[in-house]
Amino acid sequence: MGLIVQKFGGTSVADAERLRNVARIITDTYKAGNQVVAVLSAQGDTTDDLIEKAKEINPNASNREMDMLLSTGEQISVSLCAMAIEALGCPVISLTGWQAGMMTNTVSMNARIKKVDTERIEAELNQRRIVIVTGFQGVNRNEDITTLGRGGSDTSAVALAASLDADLCQIYTDVDGVYTADPRTVKGARKLEEVTYNEMLELATLGAQVLHNRSVEMAKKYNIKLEVLSSFTGHPGTKIKGVAKRMEKSYISSVAKDKDISRIALIGVPNEIGTSFKVFSLLAQHYINVDIILQGIGHEEGKDICFTVAGPDLERAAALLKEHREEIRYGRLETNSEIAKVSVVGAGMINNPGVAAKLFEALYDANININMISTSEIKISVLVDKKDAEKAVQVIHDKFFSMT
């Protein structure tokens, strides 16, 4: 048959019953004649619980020690899952990230994978064993444990699929595919049979909590066959590929929201060459990603630069900008964490004029104010007040999908 990499998220392995269910999925795939490598996240809220334990001891613990602590969550999952598979009578071995050859750079808490040495995994597969690997972690050149940041287990799975030249990478989660919107909160959301890498990348970046954007980037780069499906229902999932089959009229694939963002505004920045470089290079040097950027036309007091960052980065970004105020020479700094980003994504948008007008009409009819706008060939994003986010997604979804 083939080599299949399967990834199971925290909700899929949250307790003993769900772990046994995951073990059955893995062993069924194995008994069908496939080689299987499974990647597991920590159980349920384990990672959050570990973070809280660390705060009780030292609110300012080093990232290196946090990596050491957080990596234990996945180790619990893989060992328990291996025990469940043993109970089903199949040969299995669990491996940590470093045992699986997951080599990363030295950035703690948000490491990047540099290479995967698959020798150990291949040796175990050749012995007809199921291999269970900890997601979210690796080891750097100093032999220190590192973690890959938010969504790291998705990235681990795709990296293994690429390195092992797997025939398929299945991402199991608590929803049975990619939907036109989050089916847990949006009425009328429909499952998509297929989406493109580019659409999925935008959705992942824009807040759709199905796949992490780094994993989609890697899948696109190495042309990995991806499928998103539920570990609970057994239903077919959504395939993610280079070209997706879709009726021509369906030029929008999905509506997404991200409530975990914040806006920073620098008011009265000097209208000089190089000012924007000073601002954004400073943030980049401290690994703070910036999303939507809006620079206003210069006025008597200078010009204004507004941009968004991830919610957890707001305090650090604001502190950096205040620290370098004399160098940047802005008038004042304003922040707003009570905002959300709502986006429509679709590969067919570029050839269908009027998408933006339809989006804005939906928000106007719902009396929802737009704070900022960002566009690309396959997406339009707007910033709205956080209190309006759920309503905005619903009315936009109704506008685009109620008649298709």
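Is R332 buried, partly exposed or exposed? In this predicted model, R332 has a relative accessible area of 44% and is therefore partly exposed. Its side chain meets that of E334 in a salt bridge, with 2.9 Å from N to O. E334, at 35% relative accessibility, also counts as partly exposed.

Side chains of opposite charge can pair when their charged atoms come close. D313 is buried, at 16% relative accessibility, whereas R316 is partly exposed, with a relative accessible area of 39%. Another is formed by the side chains of R120 and E124, at 2.9 Å from N to O. Both of these residues belong to helix α4 and lie four residues apart, about one turn of the helix. An α-helix has 3.6 residues a turn, so residues three or four places apart point the same way. R120 is partly exposed, with a relative accessible area of 34%, while E124 is buried, with a value of 9%.

The strands considered next belong to an open sheet. Eight strands make up this sheet, in the order β3-β6-β2-β1-β9-β11-β12-β10, and their pairing is mixed. The edges are formed by β3 (92-95) and β10 (194-196); each has a single partner strand, so one side of each is left without a neighbour in the sheet. On average, neighbouring strands are turned by 20 degrees against each other, direction ignored. Strands β1 (residues 3-8) and β2 (residues 35-40) run parallel and are joined by six bridges. Within this pair, L3 stands opposite Q35 of β2.

Two helices that pack on the sheet may be described in turn. Helix α4 (residues 119-126) touches β1, β2, β3 and β6 (130-134), and its direction makes about 130 degrees with that of β2. Helix α6 (residues 197-205) touches β10 and β12 (238-241), with a direction at about 85 degrees to that of β10.

Seven of the nine residues of α6 are buried, so this helix is largely enclosed by the rest of the structure. The buried residues are Y197, E199, M200, L201, E202, L203 and A204. Their cover includes β10, α7 (213-222), β12, β13 (254-269), β16 (332-345) and β18 (379-385). A polar atom of the T196 side chain lies 3.0 Å from the backbone nitrogen of E199. T196 is found in strand β10 and is buried, with a relative accessible area of 9%.

The structure also holds two aromatic pairs. In one of them, the ring centres of F8 and Y172 are 4.7 Å apart and the planes stand at 15 degrees, so the pair is stacked. This pair links distant parts of the chain, since F8 lies in strand β1 and Y172 in strand β9 (residues 168-173), 164 residues apart. F8 is buried at 0% relative accessibility, and Y172 is buried with a relative accessible area of 7%. In the pair of F280 and F307, the ring centres are 5.2 Å apart and the planes are at 75 degrees, so the arrangement is edge-to-face. F280 lies in helix α8 (residues 275-285) and F307 in strand β15 (residues 303-310), so the pair ties together parts that are 27 residues apart in sequence. Both F280 and F307 are buried.

Technical notes:
Residues numbered from 1 in each chain as written. Predicted model: local features only at pLDDT ≥ 70, side-chain atom pairs only at ≥ 80, totals over all residues. Heavy atoms only, no water. Pairing = 2+ DSSP bridges. Axes fitted to C-alpha atoms, helices over the stretch in contact; angles between N-to-C directions. Contact = heavy atoms within 4.5 Å. Phe/Tyr/Trp six-rings, centres within 6.5 Å; stacked < 30°, edge-to-face > 60°. Buried < 20%, exposed > 50% of the residue type's maximum accessible area, 1.4 Å probe, protein only. Polar contact = N/O pair within 3.5 Å; in protein donor to acceptor, adjacent residues only side chain to side chain. Salt bridge = Lys/Arg side-chain N within 4 Å of Asp/Glu carboxyl O.
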